[in-house]
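Here are my notes on this one, written as numbered points.

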Amino acid sequence: MTVNGRPYAADDVWEGESLLYVLRERLGLPGSKNACEQGECGSCTVRLDGVPVCACLVAAGQAEGREVLTVEGLADHARRRSSATAEAAEAAGPGAHGSVLPGEPGEPGDPGESGEPGAARLAGPGAVRPGEPGAAPFAGPEAACPGEPETACPGESGAVRPGEPQAVRPGEPGTAPFAGSGAVRRGAAGAGRHGESVPLAPVQRAFIDAGAVQCGFCTPGLLVAADELLERNPDPSDADIREALSGNLCRCTGYEKILDAVRLAAARTAGEAV
């Protein structure tokens, strides 16, 4: 079978072995967690030919010749998806789907003209394009308190002021894949090997920034399910999010921060597409 874009083979697989067992014990991919073994908790969620399934309920033989995506492959999958989207947009040409780039000279999408027809979705008084000086370090809803560009929003655990010594934003060198509070000191335990950056999918970054990771046991299954949701529905309603994650149980978070993380990932994805 193909797992995370790479071909794998396992010999002498017992007829009763689950896909979860093969992934964890034979292929060395322990991201999918073994919990209830009854398909009730969602901790072992993977995608089989693009469809989320509980790997504990799938017989290993059913995966023969098929494609499996686990949490270990989310970042690569997200990059391939982003590249395909960019190529499609480039092939469609400028102005496809009536989109307007924010801030283009002479275009109605200039900041401050959000009320005019054709204005960009992010345009408006004081709008800042992602990546420009003055932009919030983690662009998206609840990213920063309005009018306080250098102050963390009250009540946000682990918030870091931009430029604070030793703080590392997700995606920068030295960031661990599931670092607590979204910041890791360079050289600290858990950082990427040899100081290399550990790539993350947008939904993974959002889970860190929203504080949706506690013990982490349910997180891989939630990430796979949330990423699949955003792939087929980039702008989900709260009801859509709850439905997509209804098969994933969490004992720690109370779910609110998980919902916040999916909303944040959706908002950032929409912002990148504008």
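1. Let's start with a term: a salt bridge here is a side-chain nitrogen of Lys or Arg within 4 Å of a carboxyl oxygen of Asp or Glu. Side chains of opposite charge can pair when their charged atoms come close. Arg-47 and Glu-231 make such a bridge through their side chains, at 3.0 Å from N to O. The two sit in distant parts of the chain, 184 residues apart, with Arg-47 in strand β3 and Glu-231 in helix α4.

2. A word on what you're looking at. This is a predicted model, where local features need pLDDT of at least 70 and side-chain atom pairs count only at pLDDT 80 or more, while totals for chains, interfaces and linings use all residues. Residues are numbered from 1 along each chain as its sequence is written, and side-chain values use heavy atoms, leaving out hydrogens and water.

3. Back to that pair: buried or exposed? Arg-47 counts as buried because its relative accessible area is 5%, and buried means under 20%, exposed over 50%, partly exposed in between (1.4 Å probe, protein chains only). Glu-231 is partly exposed, at 33%. Both belong to a network of salt bridges that links Arg-47, Arg-81, Asp-227 and Glu-231.

4. How many salt bridges are there in the whole structure? A search finds 11. One of them joins the side chains of Asp-49 and Arg-66, at 2.9 Å from N to O. Asp-49 lies in the loop between β3 and β4, and Arg-66 in the loop between β4 and β5, 17 residues apart. Asp-49 is partly exposed at 43% relative accessibility, and Arg-66 is partly exposed at 29%.

5. Another salt bridge ties Asp-238 to Arg-263, with the closest N and O atoms 2.9 Å apart. Here the link runs from helix α5 (residues 238-244) to helix α6 (residues 256-273), across 25 residues. Asp-238 is partly exposed, with 38% relative accessible area, and Arg-263 is partly exposed at 28%.

6. Now the sheet. By name, helices (H or I, at least four residues) and strands (E, at least two) are DSSP runs, numbered from the N terminus. Two strands pair if DSSP finds at least two bridges between them. In which order do the 5 strands lie? They form an open sheet, β2-β1-β5-β3-β4, with mixed pairing. The edges are β2 (6-7) and β4 (51-54), each pairing on one side only. Strands β1 (residues 2-3) and β5 (residues 67-69) run parallel over 2 bridges; Val-3 has Val-68 in β5 as its bridge partner. Helix α4 (residues 219-232) packs on this sheet, touching β3 (45-48) and β4, and its direction makes about 40° with that of β3. Contact means heavy atoms within 4.5 Å.

7. Last, look at how α3 meets α4. Their axes are 9 Å apart and the angle is about 125°; axes are lines fitted to C-alpha atoms, for helices over the stretch in contact, and angles run from 0 to 180 degrees between N-to-C directions. The two helices are therefore oblique to each other, since angles under 35 degrees count as roughly parallel, over 145 as roughly antiparallel, 65 to 115 as roughly perpendicular and the rest as oblique. Val-203, Gln-204 and Phe-207 in α3 meet residues of α4 including Leu-222 and Asp-227. Val-203, Gln-204 and Phe-207 are also among the buried residues of α3 (residues 202-209).
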